[in-house]
Amino acid sequence: MSTAPTPTISGDVRPESSPTASAPPTVLPAARRMAHAAAWLMLVGLLTGGYVSAAMTGKVPADPGMALAAHLNALMGTFFLLGVAWTLPMLRYGAVGQQWLAWAVIVANYANWAITCVKAWLRVSGVDLIGQATNDAVFIALTVAVVLPALGAAGAWVYGFRGGGGPSSDGRHPLP
């Protein structure tokens, strides 16, 4: 069995075709936390499909449209979590800022799924204060646990891209 010499491209430059063992990439703790939360949210979102089916067939007294919204909220929230997790190294935040951003996105997405599941059962929309106690309580819960954290997190995510690629060696990024 003969081994053919590695062809040269020009001079002594040889293509890197041989497999080499490389160190696994460093995963940021906040990114790992978000990916783990995304995996769980995907699971509960898929399981919520059973809730949707039960609501659509009348086996549970829940609004089918709201149950479907809860199912989709979890699936879409999964991708929001994964998107932010993937871009964490690109942001200007150090480890503490990344953890704050991670928790804001996690809380907002889990709350969105959970509150929407409950409001389906309660058969209220919860999108405005209308003077009905149950609806108004759902509206306040959505505003405090979903809307404000999600808007804050999305704004912080966008702001994190300002000034270029990632924190400096001391973990902080100077303001532009």
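A term before the residues: partly exposed means a relative accessible area between the buried range, under 20%, and the exposed range, over 50%. Trp121 has a relative accessible area of 44%, so it is partly exposed. Keep in mind that this is a predicted model.

Now the aromatic pairs; the structure holds two of them. In one, Tyr51 and Trp121 are stacked, with 6.4 Å centre to centre and 10° between the planes. That pair links distant parts of the chain, since Tyr51 sits in helix H1, residues 29–56, and Trp121 in helix H3, residues 95–122, 70 residues apart. Is Tyr51 buried or exposed? Its relative accessible area is 18%, so Tyr51 is buried.

Phe80 and Trp157 also form an aromatic pair, and this one is tilted: the centres are 5.8 Å apart and the planes 35°. Here too the pair links distant parts of the chain.

Gln98 lies in helix H3. With a relative accessibility of 6%, Gln98 counts as buried. What does its side chain reach? The side chain of Gln98 reaches the backbone oxygen of Tyr93, at 3.2 Å. Leaving aside residues up to four places away in sequence, Gln98 touches Leu28, Ala30, Leu88 and Tyr93.

That is what I have for today.

Note on methods
Residues are numbered from 1 along each chain as its sequence is written. This is a predicted model: local features need pLDDT of at least 70, side-chain atom pairs count only at pLDDT 80 or more; totals for chains, interfaces and linings use all residues. Side-chain values use heavy atoms; hydrogens and water are left out. Rings of Phe, Tyr and Trp (its six-membered ring) pair if their centres lie within 6.5 Å; planes under 30 degrees apart count as stacked, over 60 as edge-to-face and the rest as tilted. Helices (H or I, at least four residues) and strands (E, at least two) are DSSP runs, numbered from the N terminus. Buried means under 20% relative accessible area, exposed over 50%, partly exposed in between (1.4 Å probe, protein chains only). A polar contact is a pair of N or O atoms within 3.5 Å; within protein, one must be able to donate a hydrogen and the other to accept it, and residues adjacent in sequence count only if both atoms are side-chain atoms. Contact means heavy atoms within 4.5 Å.
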